[in-house]
Amino acid sequence: MNHLLSWIIWLPIIGMVAIAFVPRDKSELIKQIAAAVSGIQLLLTIYLWQIFDASVGTFQFMERAEWIPSFNITYILGVDGLSLPMVFLMALIGFIGVFVSWNINKAVKGYFSLFLLLNTGVMGVFLALDFFLFYIFWEVMLLPMYFLIGMWGGPQREYAAIKFFIYTLAGSVLMLIAILALYFTCGNTFDMLVLMETASTALNGMLWWGMSAIKVIWVLLFIGFAIKVPVFPFHTWLPLAHVEAPTAISVILAGVLLKLGVYGILRINYTMLPDGVFWFAGALAVLGLINVIWGAMCALAQKDLKKLVAYSSVNHMGYTLLGMAAVIAAAGMNGDNLISAQAGVGGAVFQMFNHGTISAMLFILVGVIYDRAHHRDIEGFGGLASQMPVYTAFVAVAFFAGLGLPGFSGFVSEAMIFIGAFPIFKTIVIISTLGILLNAAYFLWAFQRMFFGPANEKYNDLPEINKRELFTVVPLAVITLILGVYPRPFLDLVAATLNVLIESVVSFGGLAAASM
Amino acid sequence: MSNLNSLTHFWPELILTVTVLVAIIADLLYRKEDSFKVAWWVLGGLALTLFAVRMSGGALSELFMGTIAMDPFANFFKVLVLISTTFVILMSFDSADLKGYRVGEYFSIMAIMAFGLFLMASAIDVIMVYLAIEIVSIMSFFLAGYLKKKQDSNEASLKYVIYGAFSSGIMLYGLSLLFGLTGTTKFFEMREAIAQLGPEANLALILSAVFILVGFGYKISAVPFHFWTPDVYEGSPTTITAYLSVAPKAAGFAMLIRFFNQVFGDGYPLGAETWTALNNVPWPQLVAVLAAATMTVGNLVAIQQSSVKRMLAYSSIAHAGYMMMALPLMSQSGVYGIMMYLLMYLFMNLGAFYVVIYVQGKTGGESFDDYNGLGWRMPFVAGVMTLFMVALTGLPPTAGFIGKFYIFAAVIEAGSQYYWLAFVGVINSVVSLYYYIRVVKHMYLTGDRSESIALPTSMLTTAILIALAIPTFVFGWYFSDVAEWINNSLVIFQGM
């Protein structure tokens with residue numbers, strides 16, 4: 001199939017147009033269209049996975065078309081081992097998200113149109129290889145997200161929505177400056193593939209107000225992405241947005257949108273400005289550590305289950321940063337260090353994927369109990385295990401996966417990250433293992449308070465998790481378990497690409513690091 | 001070119017003049033309730049003028065003994081003026097403000113104003129500069145005060161007169177200093193004379209440049225010459241507010257660029273040496289600071305407004321600031337960026353004001369609270385308003401982003417000494433998100449869901465909204481042809 005990537009990106013827009021023609025009172029039909037479109041998209045990404053050649057680390061299924069020749073803007077798409085898992089994750093979560101939002105009954109038409117638009121935006125960011133296109137997709141996500149939180153969210157939704165919007169926009173406009181600076185200093189091009197080749201050399205030795213140009217651009221891009229991750233101290237929008245957003249949107253937000261930040265850092269900062277990686281890696285590891293500990297401590301203090309899960313995202317994304325920082329290990333020239341770099345970066349990417357599935361599962365399960373009890377106060381439950389045994393089992397799976405119990409995928413990726421980062425950041429790794437402990441503490445404590453102890457009389461007749469909800473949770477749980485015992489398929493998929501990435505960081509950065 | 005020969009190249013303006021006369025005579029023949037029909041005569045005249053402008057193509061020459069330039073640059077601005085005048089006239093049909101007034105004059109004054117704006121875009125003689133500015137200003141005073149039964153409108157007009165007279169007085173003083181230094185009124189002769197001046201003339205030269213900048217700054221409502229803007233914009237009929245925020249601003253930029261490029265430049269079309277004659281003062285930095293101040297003040301004050309119309313008035317100051325970011329560069333891409341921005345801004349800003357006019361007609365108010373629940377009651381109008389707000393914020397994929405993109409690109413291209421300006425610019429767009437999205441918030445997030453849906457009843461309303469919304473959206477991702485057009489229009493007459 002030609003233009004496979006374009007189909008994956010634009011299919012939701014087709015669905016959106018189709019929905020526009022459906023009368024607003026036929027809400028079942030609208031949901032079915034959304035489900036069908038995301039279903040086809042998921043099948044397409046599975047097909048893409050099947051025909052993707054994991055043995056090479058370069059971009060595949062490239063598409064290239066003239067767009068605005070006078071400004072050298074081109075429509076370029078491509079997929080590699082870094083973006084493919086993310087594309088799959090988005091398609092999966094997008095598909096599941098439709099079913100999670102099945103009981104939305106306010107302005108169904110608007111909801112699903114925006115939902116599909118969001119899907120297109122995210123897919124576009126993962127697949128775009130032209131910086132201008134990348135930026136357009138990056139910004140296209142904002143408005144649907146604003147509406148989805150602001151219109152269908154909880155009591156504080158307006159504030160949460162505008163806070164999310166302003167934070168993210170502030171980050172992305174800084175990114176715009178960086179993109180334009182790269183454009184004009186690296187030969188008037190937005191082509192990311194070209195920039196990956198030229199940026200490092202073109203910027204080498206350039207000074208802006210006495211600062212190295214590489215550092216300035218690195219930081220501008222990093223702030224843009226860090227807000228999305230979110231990295232401490234830019235994380236304050238996240239708990240609020242998560243708590244106020246409707247369940248399906250929290251699922252997408254945690255499952256996919258947070259990955260955009262890490263993806264951006266790996267795709268752009270790492271490949272275009274490898275010299276900066278060496279300069280920033282230490283800070284990245286420290287920020288990762290802060291995220292881990294801060295997120296865990298905040299989670300421990302929460303009374304609202306959804307907020308707890310939201311802070312656990314901050315914690316989990318911290319590990320990703322730590323793993324990414326380990327790439328500089330490869331600068332030493334012996335083989336062991338290369339292996340730890342591979343473990344670190346591979347672990348980071350794997351952690352992104354795992355956090356996608358695990359946090360999605362967690363948010364869906366929070367949504368399940370909220371739909372029934374209409375509150376999420378951890379203290380307000382008790383003894384639910386006897387009321388809802390199946391639900392309890394799934395929450396147990398999700399919590400155990402979240403705290404990184406061996407046998408679940410989260411354990412594998414966190415272990416890889418620690419192994420990778422240990423040789424270079426010994427102290428940081430040792431402190432951040434404390435995070436794992438805190439992790440276990442807040443999850444188990446919450447579990448105990450909600451499911452054990454005396455049963456709360458109020459909730460004697462809570463209905464058990466239903467089939468639709470099971471349908472949304474089971475695939476995620478299965479993936480978590482399979483990848484927990486047999487992570488090979490995933491690691492093989494990303495290995496070649498990450499090796500190329502590590503090599504480029506090392507070969508560029510190793511040389512230029514000294515001269516910066 | 002001699003006066004008589006010039007007339008054969010002066011078709012667009014001649015047609016406009018005839019249009020004005022026809023409109024005045026037609027107004028005499030219609031009864032009061034029919035006076036709206038004058039608009040159709042004016043629209044016909046504008047269409048013919050547009051045709052004539054397009055016909056004159058890429059001709060490059062001076063007319064009327066070196067007082068008026070004929071070049072693609074002027075033509076570009078003439079087209080902008082014609083498009084905005086046409087839209088504003090069409091928008092006037094729906095205006096609740098104008099109900100109960102005899103409006104024949106209103107339309108003929110608008111045609112005279114278009115004529116003045118044409119002259120502003122093409123003047124290359126300081127006398128003509130002053131004449132053009134005064135034609136436009138006096139017509140603006142009329143239009144701002146058109147609602148004679150409304151106190152606000154009278155106040156607006158009076159404020160406008162006082163500010164206008166004051167700033168054009170200062171400008172005239174600057175121009176006379178310049179005349180005293182150079183002994184001529186023509187741009188190109190001035191440039192040559194300035195090049196001959198010794199260092200003792202520096203002070204006078206800088207003073208004259210500053211005074212002249214005051215006049216232009218007033219026209220494009222740059223800080224600190226912006227104080228008239230909010231009150232005039234609020235008191236005027238909303239149609240006129242829309243017009244004032246677009247057309248005179250465009251012509252003001254055209255005139256400013258042409259004047260500084262040709263009088264203080266070094267004879268090259270556009271480029272780094274543009275401010276040659278003023279290199280004793282950090283002139284580009286001064287203009288850059290004015291730009292930063294303009295957008296910041298506009299944005300910060302816009303946040304506090306409770307009326308959408310007034311918010312748009314302040315935000316139009318901020319937009320002038322964004323465009324001014326490209327002024328200190330005076331580079332090819334900077335002027336290109338300003339032209340691109342003006343074109344994009346025309347559609348989105350007129351669109352936003354038209355929605356204000358429409359909502360004012362339906363709900364009788366223009367405060368944010370009058371927009372509560374609009375998304376449910378008038379989904380179409382609210383939908384396009386959302387588009388305009390998003391575009392004014394500068395988010396892709398809308399025209400507003402492309403305008404900003406070109407401006408920022410020009411600023412960044414100019415080198416790292418202007419990065420701070422780009423930084424101020426982007427932070428300001430984030431700030432502007434807050435008040436633009438507030439309109440969206442009131443339309444969709446606040447207010448109860450209503451089951452009764454009101455679509456615009458008149459075809460004309462729908463057509464105008466669509467005609468403004470389509471470019472606002474389409475230019476956000478397809479602007480190749482526009483880019484090409486502006487590129488071809490970037491030819492400024494540089495003397496014979």
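Okay, let's start with a term: two residues are in contact if their C-beta atoms, placed from the backbone, lie within 7 Å of each other. What you're looking at is a predicted model, where local features need pLDDT of at least 70, side-chain atom pairs count only at pLDDT 80 or more, and totals for chains, interfaces and linings use all residues. Residues are numbered from 1 along each chain as its sequence is written, with chains lettered from A and ligands numbered from 1 in the order in which they are written.

So, where do the two chains meet? On one side we have 27 residues of chain A, in contact with 26 residues of chain B. In chain A, the elements giving two or more residues to that side are α5 (131–140), α6 (142–152) and α7 (157–185). By the way, helices (H or I, at least four residues) and strands (E, at least two) are DSSP runs, numbered from the N terminus. The largest share of chain A's side, 13 residues, comes from α7(A). And what classes of residue are on that side? We get 23 nonpolar, 2 polar and 2 charged. Here Ala, Val, Leu, Ile, Met, Phe, Trp, Tyr, Cys and Pro count as nonpolar, Asp, Glu, Lys and Arg as charged, and the others, Gly among them, as polar.

A word on confidence. pLDDT is the predictor's confidence in each residue, from 0 to 100. Chain A averages 86, and 97% of the residues score at least 70. Please be careful with residues 511–516 of chain A, though: pLDDT stays under 50 there, and the model has 11 contacts beyond four places in sequence for that stretch.

Next, chain B on its own. An automatic or database domain assignment sets the domain bounds, and chain B splits into domain 1 (1–267) and domain 2 (282–496). Their C-alpha centres lie 22 Å apart. Between them, 44 residues of domain 1 of chain B are in contact with 43 residues of domain 2 of chain B. Which element gives the largest share of domain 1's side? That's α11(B), with 13 residues. By class, domain 1's side has 26 nonpolar, 12 polar and 6 charged residues.

Most residues other than glycine have a negative phi, and most peptide bonds are trans. Look at A:F61, then: it isn't a glycine, but its phi is positive, about 55°. A:F61 lies in strand β1 (residues 60–68) of chain A. Is A:F61 buried or exposed? It counts as buried, because it has 21 C-beta neighbours inside 10 Å. The cut-offs are 20 or more other C-beta atoms within 10 Å for buried, 12 or fewer for exposed, and partly exposed in between, with C-beta atoms placed from the backbone.

While we're at β1(A), this strand runs antiparallel to β2 (residues 73–79) of chain A, with 6 bridges joining them. Strands pair if DSSP finds at least two bridges between them. One bridge partner pair is A:Q60 with A:V79. The hairpin has 4 residues between the strands, and A:N72 takes a positive phi near 55° there.

Over in chain B, B:M330 has a positive phi too, near 50°, and sits in the loop between α13 (308–324) and α14 (332–363).

Last, the cis peptide bonds. One joins A:F232 and A:P233, with omega about 5°, and A:P233 is in the loop between α9 (213–228) and α10 (237–244) of chain A. Another runs from B:P396 to B:P397, omega near 0°.
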